[in-house]
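Thanks for coming. I will go through the contact between the chains, then a few side-chain interactions.

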Amino acid sequence: MRALIAAAAGLTAALALVLTITAMGTPEGRTSPRPLLTTVPAHP
Amino acid sequence: MRRTASLVLLALAVFFAALSPLLRWYAYPRLVKVPADEYQTMVLQARDATLLDYGTMKARTVPEITVVQTLKGNVEAARRIERTAGRDVVVWDGLSYVQGPDGKMVSRIPERYIFDAHTQEPVHATGEMVDGDPVTRNGIEFKWPFLTQERDYEYFDAQARVTAPIHYEGTRHFRGLSVYYFEQTIPWTRVPFPKVMPVAGITPESVAKTGTTRWYTTVRKFWVEPVTGAPVYGEEIHKEELRGGSLLGGRDRVTVFAGHVKMREDYTRHTVDLVKSQRRLVLLVTSYLPWGFLCLGVLLLSLSLYLEARGRRTPGPAPVRTEEPEPLGS
């Protein structure tokens with residue numbers, strides 16, 4: 001019984017971690033202020 | 001004490017073993033995506049190219065033609081489209097600016113490409129266009145999906161505004177990376193004149209009145225890093241002609257542009273370095289961490305079982321025998 005509880009705790013923690021990370025997602029950022037180029041850049 | 005330790009190890013073993021598939025099949029498709037705020041520039045060059053001199057209406061060889069390509073993620077437009085599309089969307093506003101050896105503009109083609117941030121499938125929304133003309137892409141453009149497969153893909157050609165197969169031609173090695181080589185041939189196709197012509201006073205409408213038409217063919221080559229789906233190198237054998245009408249002075253056709261366009265060396269190096277770093281991040285979620293966690297889970301489970309087995313095998317202290325004192329007798 002105690003082994004089952006331990007396994008369930010591990011599984012719950014894994015689920016909680018992954019769900020939290022995916023719910024947080026990745027930052028969206030902002031549109032770059034840099035222009036669409038009409039000159040040849042010297043370097044990348 | 002040993003019992004408690006084995007239970008803790010069991011919980012940790014289940015935690016890591018469960019984390020492995022969750023990370024690969026739940027977190028990866030949701031977290032790994034093209035960022036909406038991407039800004040990229042690319043410079044390509046064609047040496048000894050053929051270019052039409054609009055003054056004499058004759059083609060001449062020029063030492064170099066440069067193509068400057070910019071892709072800029074439009075975050076506000078992406079958010080707007082996401083509300084109706086119901087998925088993560090990337091909107092790339094792009095400009096392909098072609099410059100002659102004298103620094104003058106040869107052509108400038110703006111476009112808007114809208115696609116799913118995770119799968120790179122095109123998303124259709126108002127504003128999707130090439131040179132101001134609404135288009136419907138049915139294939140990828142610029143970038144392949146993450147974990148690219150060894151198969152043909154549908155690729156959108158912005159000049160002809162058509163989607164056609166780009167064929168997988170095998171795996172190659174390119175500057176320390178294993179890459180997939182793709183090739184697409186667009187046969188001679190009649191294409192619209194650019195909205196902005198290289199000569200002042202000439203418009204697509206005025207050229208159309210002469211009966212002259214614009215034709216184009218290309219062989220497009222991409223070396224794609226399969227984990228990120230990012231091309232690390234590209235070439236294009238590009239030809240454009242004007243055909244028929246009164247503009248050509250009785251000639252059947254005139255070359256507008258012909259050249260073998262290749263990525264500039266410094267941009268190739270920069271792209272390879274960038275893709276190598278991004279590749280590691282994608283592999284972390286798709287391979288390194290899932291496999292690492294799975295192995296750790298198995299290891300912890302083995303340790304837990306070992307401790308449990310030892311705990312059961314070890315005999316406890318021998319029972320103390322208490323004997324009744326014998327009665328003193330004769």
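How many salt bridges are there between chain B and chain A? The count is zero. Keep in mind that what you see is a predicted model, and that every value I quote is computed from it.

On one side 39 residues of chain B take part, and they are in contact with 33 residues of chain A. Interface size is often quoted as the accessible area that is lost when the parts come together. Here the area buried between chain B and chain A is about 3,100 Å², and carbon and sulfur atoms give 68% of that area. As for polar contact, nine residue pairs between chain B and chain A count, with both residues at pLDDT 80 or more.

Which elements of chain B give two or more residues to the side that touches chain A? They are α1 (2–31), β1 (39–53), β2 (58–73), α2 (75–85), β3 (89–99) and α4 (265–313) of chain B. Of these, α1(B) gives the most, with 13 residues. By type, the residues on this side of chain B divide into 19 nonpolar, eight polar and twelve charged.

Next, salt bridges in general. Over all chains the structure holds 23 of them. One to look at is B:R3 with B:E308, where the closest N and O atoms are 2.8 Å apart. B:R3 lies in helix α1 of chain B and B:E308 in helix α4 of chain B, so this pair ties together parts that are 305 residues apart in sequence.

Last, the rings. There are 17 aromatic pairs over all chains. Ring pairs link B:W144, B:Y153, B:Y155, B:Y168, B:Y180, B:F182 and B:F222 into a cluster. One member of that cluster, B:Y153, has B:R151 over its face, at 4.0 Å from the ring centre. Elsewhere in the list, B:R243 lies over the face of B:W188, at 4.7 Å from the ring centre.

Conventions:
Residues numbered from 1 in each chain as written. Chains lettered and ligands numbered in written order. Predicted model: local features only at pLDDT ≥ 70, side-chain atom pairs only at ≥ 80, totals over all residues. Heavy atoms only, no water. Phe/Tyr/Trp six-rings, centres within 6.5 Å; stacked < 30°, edge-to-face > 60°. Lys NZ or Arg CZ within 6 Å of the ring centre and 35° of its normal. Contact = heavy atoms within 4.5 Å. Buried area = accessible area lost by both parts, 1.4 Å probe. Salt bridge = Lys/Arg side-chain N within 4 Å of Asp/Glu carboxyl O. Polar contact = N/O pair within 3.5 Å; in protein donor to acceptor, adjacent residues only side chain to side chain. Helix = DSSP H or I, 4+ residues; strand = E, 2+ residues; numbered from the N terminus. Nonpolar A, V, L, I, M, F, W, Y, C, P; charged D, E, K, R; others polar.
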